[in-house]
Amino acid sequence: MSYPEFSDFPPIPQRSAAEADFDTKMSALFQHFATTHRAELIALIDFLKTGSTIIGGALNATTVGLDTPAEGKFTALEADSLGGAAVQSTASDTDGDGKLVRMDGAGAAALSRYGLYKGSGDGYNIDQAAAGDKGLVATSNPGTWPSENPGSFAWVTSQSIYSDAAVLQRAVYGYAPTGTPGNVRAFERIRANDGSAWSEWTEVVTSANVQANGFDRTSGAVLKVGAFGLGGLGDVIDDFSTAPQFSEFIAGGGAGVIDGPPDGGSYRPGLVAFRSASDRSSILMFTASGIAVRSYLAGAPDSDWISLFSTENLVGTVSQSGGAPTGAVIERGSNANGEYVRFADGTQMCWQDDADDLDATNASGSLYRSSVSGNWTFPAAFLGGSSISVSAQPDSSVRWAQAHVSSSTSAVFRQFQATASSTTISTRLFAIGRWF
């Protein structure tokens, strides 16, 4: 609304000469209104015009015709007394600039504008940022930035948290002028209210900091449950002719395994792969019968499978393939023919404490031998070339025994004495050789 204009004053009335005194008074009155009073009104209008801001609305339910008064002109506004297009229509209204902000819309209004922009070389020091500063800042500007700077621009906000000197500052990276932003990372630091130095930047954990999956090896990523196979299940791998993924966990295997451990069978409860250098790795295989280890160089096998032994497989069934041990370390057994022990290196020992009872009645030169020979079937067969030792039982200085190996599975023995004797005595037998 514009300030009021005044129309021209009418001509001053003229009266007869007989009424000259009246005319003089009337003329003076009209002159006052036409000059002095009009000048005063115009001066008042100029004062209001220069000392106020035009609002064109109602103030405290009174139509003023002038805009928002200057400071000190009006001091007590009633709640909800202002309205119109110049005021936020709702708490979330962020359309347009220059509006009066509602109390409940202050947050929306503050977040709807980007604030300051400081490009490369603007000299804006983030260490000296005032509480309330916000905007996009090039990381080439001075100040202490996060040690791991993941971008050339950061969205920086400085928020007062107690007094003007106590400030929480955030730096969010990931700004892209076009297209979809890439890796978004956020950092925070705090300055105490006594104006001390800033704390160290601390990175805020977001989805960008966390592994995409259990096998994600991105540097600095936070591990998920089941990361690198520990505590989770991985894919089944049946081909070990090339190195598996580092830190991969294998839940189980199936038939038709390629180049797996010889004692692994068709089932593997688990496998973990480790990297010791950029081109070298090892895998630890938990097989059905034990633990096997193998190394890889540049993705190809660099060693044979090596089995690790424990109390579970130290004693068991020994076996071999092509002269290389593949089973337990020690095998111990017994049957009606005696006892035996086999070692993984191929050594075998057999013994029997109470073999056939023999007399010593047949003359043999100046000695007497048993009338019949004893036959001993080994409790475990030898490969061949075994040696055997025998003795009378119990040991005696006047009676002894001799034996020879007749095959890989048996031996023949006799007893001897200086004088004839029909007393039968049992024989102790021992043989040693190789099982492979």
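This report describes the fold, the aromatic contacts and one surface patch of a predicted protein model.

Residues are numbered from 1 along each chain as its sequence is written, and side-chain values use heavy atoms, with hydrogens and water left out. Because the model is predicted, local features need pLDDT of at least 70 and side-chain atom pairs count only at pLDDT 80 or more, whereas totals for chains, interfaces and linings use all residues.

**Overall fold**

The protein contains two helices and 26 strands, where helices (H or I, at least four residues) and strands (E, at least two) are DSSP runs numbered from the N terminus. Of its 436 residues, 29% are buried, a term that means under 20% relative accessible area, with exposed meaning over 50% and partly exposed in between (1.4 Å probe, protein chains only). Among contacts with a separation of 6 or more, 39% join residues 24 or more positions apart, a contact being heavy atoms within 4.5 Å. The protein exposes about 25700 Å², of which carbon and sulfur atoms supply 55%; accessible areas come from the Shrake-Rupley method with a 1.4 Å probe, and for residues only the protein chains shown count as cover.

**Aromatic pairs**

Rings of Phe, Tyr and Trp (its six-membered ring) pair if their centres lie within 6.5 Å, and planes under 30 degrees apart count as stacked, over 60 as edge-to-face and the rest as tilted.

| Pair | Centre distance | Plane angle | Class |
|---|---|---|---|
| Tyrosine 117 and phenylalanine 153 | 6.1 Å | 20 degrees | stacked |
| Phenylalanine 378 and phenylalanine 382 | 5.0 Å | 85 degrees | edge-to-face |

Because tyrosine 117 lies in strand E3 (residues 116–118) and phenylalanine 153 in strand E5 (residues 153–160), their pair ties together parts that are 36 residues apart in sequence. Tyrosine 117 is partly exposed, at 47% relative accessibility, and Tyr117, Phe153 and Tyr175 form one aromatic cluster. Phenylalanine 378 is buried, with a relative accessible area of 5%, and phenylalanine 382 is buried with a value of 5%.

**Charges over rings**

A charge sits over a ring if NZ of Lys or CZ of Arg is within 6 Å of the ring centre and within 35 degrees of the ring normal. Arginine 189 lies over the face of tryptophan 198, 4.2 Å from the ring centre, and the charged end of arginine 434 sits over the ring of phenylalanine 436, at 5.4 Å from its centre.

**Helix H1**

Phenylalanine 47 belongs to helix H1 (residues 20–51) and is partly exposed, at 48% relative accessibility.
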